[in-house]
2 protein chains.
Amino acid sequence: MGFWKTWFSTSEANSTTRTTPSEEYAVETVGNSDLNGVGEVHQQETRIVFSTERDLDLYELEELCDSVGWSRRPLRKVKKAIEHSFLVASMWQVRGNKRRLIGFARATSDHAFNATIWDVVVHPDFQAKGLGKALMKYVLKKLRSEEISNVTLFADPHVLDFYRGLGFMSDPEGIKGMFWYPH
Amino acid sequence: MGFWKTWFSTSEANSTTRTTPSEEYAVETVGNSDLNGVGEVHQQETRIVFSTERDLDLYELEELCDSVGWSRRPLRKVKKAIEHSFLVASMWQVRGNKRRLIGFARATSDHAFNATIWDVVVHPDFQAKGLGKALMKYVLKKLRSEEISNVTLFADPHVLDFYRGLGFMSDPEGIKGMFWYPH
């Protein structure tokens with residue numbers, strides 16, 4: 001379907017259009033030989049596809065977050081957070097007409113100057129293959145196309161190098177990330 | 001007018017209602033004796049009032065940001081950022097029917113879990129009087145009333161202690177604020 005576009009065939013002109021849920025990109029195309037039910041040899045593609053679609057199955061998302069050991073959050077609040085995020089990015093493994101959610105990230109923003117990326121997750125089965133990097137590049141490309149000049153995030157100690165590899169700087173000019181929790 | 005409410009007369013029940021532009025609070029009431037045009041002695045109040053009103057005079061806001069030496073930003077983008085902020089808080093000096101913008105802060109949010117505070121500014125004439133603290137407490141109260149569980153910000157080195165005094169922690173559990181700029 002025309003709904004799917006390969007990343008590399010996307011022109012720069014397209015990449016500056018408004019983020020819409022129907023923009024999807026394939027980064028990888030792997031041909032597999034497979035026998036179908038009637039004994040014919042079929043070419044079945046396995047692709048990794050990125051999307052900004054917001055109409056996610058929240059249970060599938062919860063399963064993804066479970067897979068990396070995150071504590072569960074009320075689905076009502078997750079739904080609200082997704083609705084009010086500036087950008088919602090998901091990564092899918094697509095085989096024929098089946099797709100599996102394997103990565104997720106979202107960003108809050110004032111739509112003008114600042115965006116903050118939250119909830120970056122890649123399923124453990126798909127880690128250490130460059131897919132987290134591909135997901136983050138997709139997110140940054142989308143934010144950049146919206147003329148956001150300042151992209152921020154809060155990184156756990158074990159992922160600092162991952163984000164440094166993408167060009168993120170920690171504490172530039174001594175600016176510190178600070179947290180306040182209700183008490 | 002009923003439009004103005006004193007902070008201390010506001011019940012806890014009120015403080016959990018939805019943020020609306022018409023909620024305003026006075027923290028300070030100073031009575032001044034003054035002679036009016038017809039020679040009568042009048043009591044003229046000077047009050048500090050907080051508001052979540054979004055319909056700000058952008059030139060007045062620019063003047064406030066100029067006063068602390070911030071570099072100018074396109075008003076079109078400032079307008080957009082204000083429209084898409086979750087919370088816009090302003091602080092006013094009110095004398096009779098005149099008011100002057102003396103402080104500002106805003107927050108982006110997913111309306112569920114996270115909020116990030118940006119652009120905190122207090123006019124130099126009103127600094128070192130506890131008004132920055134009062135403004136931040138107003139912001140935190142508003143965010144808390146919306147059940148936001150994680151309030152974040154990025155602090156310049158010289159204001160770290162100011163935010164620590166309000167209960168903010170830098171780099172809790174080694175979590176680092178990171179920035180990415182387009183290149």
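Is B:Glu45 buried, partly exposed or exposed in this structure? In the predicted model, for which local features need pLDDT of at least 70, side-chain atom pairs count only at pLDDT 80 or more, and totals for chains, interfaces and linings use all residues, B:Glu45 is partly exposed, with a relative accessible area of 36%; here buried means under 20% relative accessible area, exposed over 50%, and partly exposed in between, with a 1.4 Å probe and protein chains only. Residues are numbered from 1 along each chain as its sequence is written, chains are lettered from A and ligands numbered from 1 in the order in which they are written, and side-chain values use heavy atoms, with hydrogens and water left out.

The side chain of B:Glu45 meets that of B:Arg47 in a salt bridge of 3.6 Å, N to O, a salt bridge being a side-chain nitrogen of Lys or Arg within 4 Å of a carboxyl oxygen of Asp or Glu. B:Arg47 is buried, its relative accessible area being 14%. B:Gln93 lies in strand S4 (residues 87-95) of chain B, where helices (H or I, at least four residues) and strands (E, at least two) are DSSP runs numbered from the N terminus, and B:Gln93 counts as buried because its relative accessibility is 16%.

Chain A contains five helices and nine strands, and 49% of its 183 residues count as buried. Among contacts in chain A with a separation of 6 or more, 58% come from residues 24 or more positions apart.

The contact between the chains takes 51 residues from chain B and 51 residues from chain A. The area buried between them is about 5,000 Å², of which carbon and sulfur atoms give 61%; buried area is the accessible area (1.4 Å probe) that two parts lose on being put together, summed over both. Strand S9 (residues 176-180) of chain A and S8(B) pair in the antiparallel sense over two bridges, strands being taken to pair if DSSP finds at least two bridges between them, and A:Met178 stands opposite B:Ser170 in S8(B).

Of the 24 salt bridges that the structure holds over all chains, four are counted between chain B and chain A. In one of them, the side chains of B:Asp110 and A:Arg106 meet at 2.9 Å, N to O. B:Asp110 counts as buried because its relative accessibility is 0%, and A:Arg106 is likewise buried, with a relative accessible area of 2%. A:Arg73, A:Arg106, A:Asp119 and B:Asp110 are linked in a network of salt bridges. A:Asp110 forms a salt bridge with B:Arg106, with the closest N and O atoms 2.9 Å apart; this pair crosses between chains, from the loop between S5 and strand S6 (114-122) of chain A to strand S5 of chain B. A:Asp110 counts as buried at 0% relative accessibility, and B:Arg106 counts as buried at 2%.

Within chain B, B:Trp70 is found in the loop between helix H2 (58-67) and H3 and counts as partly exposed at 29% relative accessibility. B:Trp70 touches B:Cys65, B:Asp119, B:Val120 and B:Val121, not counting residues up to four places away in sequence. B:Trp70 and B:Asp119 are 49 residues apart in sequence and 9.8 Å apart in space, C-alpha to C-alpha.

Conventions. Contact = heavy atoms within 4.5 Å.
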